[in-house]
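My notes are below, in the order I made them.

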Amino acid sequence: MAAPGSRGRSLSGLLPAQTSLEYALLDAVTQQEKDSLVYQYLQKVDGWEQDLSVPEFPEGLEWLNTEEPISVYKDLCGKIVILDFFTYCCINCIHLLPDLHALEHTYSDKDGLLIIGVHSAKFPNEKVLDNIKSAVLRYNITHPVVNDADASLWQELEVSCWPTLVILGPRGNMLFSLIGEGHKDKLFLYTSIALKYYKDRGQIRDDKIGIKLYKDSLPPSPLLFPGKVTVDQVTNRLVIADTGHHRILVVWKNGQIQYSIGGPNPGRKDGIFSESTFNSPQGVAIMNNIIYVADTQNHLIRKIDLEAEKVSTVAGIGIQGTDKEGGAKGEQQPISSPWDVVFGTSGSEVQRGDILWIAMAGTHQIWALLLDSGKLPKKNELTKGTCLRFAGSGNEENRNNAYPHKAGFAQPSGLSLASEDPWSCLFVADSESSTVRTISLKDGAVKHLVGGERDPMNLFAFGDVDGVGINAKLQHPLGVTWDKKRNLLYVADSYNHKIKVVDPKTKNCTTLAGTGDTHNITSSSFTESTFNEPGGLCIGENGQLLYVADTNNHQIKMMDLETKMVSVLPIFRSENAVVDGPFLVEKQKTLPKLPKSAPSIRLSPVTVCAGQTLQFKLRLELPSGSKLTEGVPSCWFLRAEGNEWLLQGQIPSGDIENISSQPTISLQIPDDCLSLEAIVSVSVFLYYCSADSSACMMKAILFSQPLQITDTQQGCIAPVELRLLFGDFFKCMS
């Protein structure tokens, strides 16, 4: 069916009639009156001489969750359609999703309703289909989504705000628009009456749309979109927000799970670990065996007691709040999408960790939860349990001000504390303004550090530029962590897929790691490393390691700040772990048999100590003119025959995809060593062909590395280079 003639395609054509309807609804008392008003409105709009018709989806757009592209005038005839114009970074768009989920549970395509997400990106990074795929998975979006990367439909309809809903009738005729979040009642009212109106006229069809969920094609993984990570400075355990699995993991520093709490499905329940549930948790903070969790989509702050093995709620009421002042007791105080938490200290200077600072992304503010009675800067004494706004007006702005309540933030998503002088501040990753800001712990003054620009209303001053202060550019940073040892701040520059480092004294911001490419390289130097929308980071091992939640790669990566190498923390379970959520691992490769002709090279012994990481760098050279065989994976294997305890929780094998960019193999020596001497072997299998592919072959080599394990702390160990020139004499160097 061809698109009918239209009387103009912008949403402004609906404005006069819909405004009159909404004024009339304000005076309506009963549900019957409201239903009748909407029915009469539809009679009026449906009777227009010409439909206010939506444009057809342009050809060539990329679609998700469908078997094939959808046409408004071929596939959607006879349906009430809701177009959700969204961009996946936007907290208001995230807030709208539960309303859409509820609507989908009430009406299906068989009832005549279909929701289509029209992704209209704010940031360049959000135009990339793979990144939209990750967001669709993170937020459990199961309706069709189209990537309108050039915002062509957005512009034709003159949409001006994220999110915007446009409700269509069965002819592609526009009926209603809803701008922003918080319109659930109207959404259900308009949709239900539109379905009734057109069913009464026999214009609703019950045929199904071909849905093919992207999530059904995902391989299993121990982590799913981990959002944040923190370290227990006493035990060196890590706490990971395994956001996509809706659970919290407590792991030892070798990656072995001690506790898994919550998951695999979202929920909101306190109690013992085996019963407790979360919904897309983000920020985590641990002290004295107590973990506080920003339970983001439940709009709660949760408390995990590791000794009692219980979860409780300490702030929030379980539904999204709109209060921008606060002041009630935590469990009575509504809050909105808390994204990160960090411990602080009240003005008494005696107690430690008696304040929990909260990045309240949903109201664009920084809040505080009093874990004990105390004072905030420029505040009177507050009682234990009070939860209130500390900084931010609630307006979405990039506004700095000496008065914290007059400052403006834009979806603050990461916090870190530098309590010592001369800093004495909170660092804030303010994602939607693409800045890092500071809040003074002495007087609450909010100041700019790096990124953005001077106009507080411009939230589009983003980029990827190293520089000083306002000349540096970031793109939607989600995490920060303070390095007390070096007086440096590390930033998860999420949409640039990089880790940046900032000197707060000079305001100089430079790239520390990440090429900007999202292809997952598991072991590499800082300069060769890759990330994919990293969301959180923390300092551990007395300042030696920087742990990064590499969100879209579903990994925790370890950056050694001394050796400048990056490796992956393996996540694995033991028989004694308290695990209630899923733990899915990929099938490990089988070690092929070494050919008799394969050379075996014994390296010089290396002295190591418990907790150290030993790295093997592959440096393999093919004969001139040769290339790796396509379709046959060259690979490496790590073994410790007779000392298998050395490899527990390690990554035992991997592929060699590119001879010009070869992997670095990491081996972390366990804390509990069962022997002081061991031999680790690295087997390498290379499949390669001549340049014209007239001859192909497989070559293998075995490197044996003797280890001498000592209790004495060792200095940095130089990586062991495994050098090999195939077709020539074999060489290796330590």
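**Ground rules.** I am working with a predicted model, in which local features need pLDDT of at least 70 and side-chain atom pairs count only at pLDDT 80 or more, while totals for chains, interfaces and linings use all residues. Residues are numbered from 1 along each chain as its sequence is written, and side-chain values use heavy atoms, with hydrogens and water left out. Helices (H or I, at least four residues) and strands (E, at least two) are DSSP runs, numbered from the N terminus.

**Entry 1: helices α4 and α7.** I looked up α4 (residues 91-106) and α7 (residues 184-200), whose axes come within 10 Å and cross at roughly 30°. The axes are lines fitted to C-alpha atoms, for helices over the stretch in contact, and angles run from 0 to 180 degrees between N-to-C directions. The two helices are therefore roughly parallel to each other, a term for angles under 35 degrees. Which residues meet, with contact meaning heavy atoms within 4.5 Å? From α4 I noted Asp99, Leu100, Ala102, Leu103 and Thr106, and from α7 Lys184, Leu187, Phe188 and Thr191. The residues of this contact divide into 5 nonpolar, 2 polar and 2 charged.

**Entry 2: strands β9 and β10.** I found β9 (residues 247-251) joined to β10 by 5 bridges, running antiparallel; two strands pair if DSSP finds at least two bridges between them. Valine 251 has isoleucine 257 in β10 as its bridge partner. The two strands form a hairpin with 4 residues between them, and glycine 255 in the turn has a positive phi of about 100°. In β10 (residues 256-262), 7 of 7 residues are buried, that is, under 20% relative accessible area (1.4 Å probe, protein chains only).

**Entry 3: strand β20.** I checked β20 (residues 386-391) and found 6 of its 6 residues buried. Strand β16 (residues 326-329) is joined to β20 by 2 bridges, antiparallel, with glycine 326 opposite leucine 388. Strand β19 (residues 365-370) also runs antiparallel to β20, over 4 bridges, and leucine 369 stands opposite cysteine 387.

**Entry 4: an open sheet.** I traced 5 strands in the order β30-β34-β33-β32-β31, with antiparallel pairing. At the edges are β30 (524-525) and β31 (536-540), each pairing on one side only. Strands β32 (residues 545-550) and β33 (residues 555-560) pair over 6 bridges, and leucine 546 stands opposite methionine 559 in β33.

Terms used
Buried < 20%, exposed > 50% of the residue type's maximum accessible area, 1.4 Å probe, protein only. Parallel < 35°, antiparallel > 145°, perpendicular 65-115°, else oblique. Contact = heavy atoms within 4.5 Å. Nonpolar A, V, L, I, M, F, W, Y, C, P; charged D, E, K, R; others polar.
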